[in-house]
Amino acid sequence: MIDVPGLVGVLAARRQTVAAAESLTGGLLTATLVTVPGVSKVLRGGLVVYATDLKHSLAGVDAALLAQRGPVDPDVALALARGARERCEADWGLATTGVAGPGPQDGVPAGTVYVALAGPDGQAQVSELHVEGERQHVRDTAVAAALGLLRAAVIDP
């Protein structure tokens, strides 16, 4: 489990900010961050881009990439993280995309998840997860994984 208050505290001490572009999690990642008192010092905002066309129009993901690979793809996840960072003018961008289930979507099995991080100095990381379980478990796991990427970048670099 990620110590979200501790992570927010480290970001605040470093005077760094974060933003998110969420598909699979539909705002749950940002909602998890806002449970922490004082998070307004670090949280710039979030984009809920559940529909594929919004990944392009709001988060700036290349339309050709989306057309070629679909929304559940590691490069799309990274583009979402970069889009959140750029569009919200944050130091760090986080992203989630995947299939929560219960069934597959466009041939992608339920439980397939990509989380990504984009940061200062071109820092970037994508993690691929294959999560078994109910829809909420998949979403919760994606949130924890995204926050884990941020934690690893700012606390355990």
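In which sense do E1 and E3 pair, and over how many bridges? E1 and E3 pair in the parallel sense, over five bridges. Two strands count as paired if DSSP finds at least two bridges between them. Helices (H or I, at least four residues) and strands (E, at least two) are DSSP runs, numbered from the N terminus.

This is a predicted model, in which local features need pLDDT of at least 70, side-chain atom pairs count only at pLDDT 80 or more, and totals for chains, interfaces and linings use all residues. Residues are numbered from 1 along each chain as its sequence is written, and side-chain values use heavy atoms, with hydrogens and water left out.

**Strand E1**

E1, H2 and E2 form a right-handed β-α-β unit; right-handed means that, with the strands pointing away from the viewer, the path from the first strand over the helix to the second runs clockwise.

Five of the five residues in E1 are buried. Buried means under 20% relative accessible area, exposed over 50%, partly exposed in between (1.4 Å probe, protein chains only). In a regular strand the side chains alternate between the two faces of the sheet. Val18, Ala20 and Glu22 point one way from E1, Ala19 and Ala21 the other.

**Cores**

A nonpolar core is a set of buried Ala, Val, Leu, Ile, Met, Phe, Trp, Tyr and Cys residues joined through side-chain atoms within 4.5 Å. The largest has 31 residues, and Val18, Leu33 and Trp92 are among those with the most contacts inside it. Helix H6 (135-154) is one of the elements giving two or more residues to this core. H6 provides the largest share, nine residues. A second, separate core of 22 residues includes Ala19, Ala81, Val108 and Ala116.

**Salt bridges**

A salt bridge is a side-chain nitrogen of Lys or Arg within 4 Å of a carboxyl oxygen of Asp or Glu. The count comes to three.

| Pair | N to O distance |
|---|---|
| Arg44 and Glu89 | 4.0 Å |
| Arg69 and Asp73 | 3.4 Å |
| Arg69 and Asp75 | 2.1 Å |

Arg44 lies in E2, and Glu89 in the loop between helix H5 (74-87) and E3, 45 residues apart. Arg44 is partly exposed at 47% relative accessible area. Glu89 is exposed at 62%.

Arg69, Asp73 and Asp75 are linked in a network. Asp73 is buried at 9% relative accessibility, while Arg69 is partly exposed at 41%. Asp75 is partly exposed at 36%.
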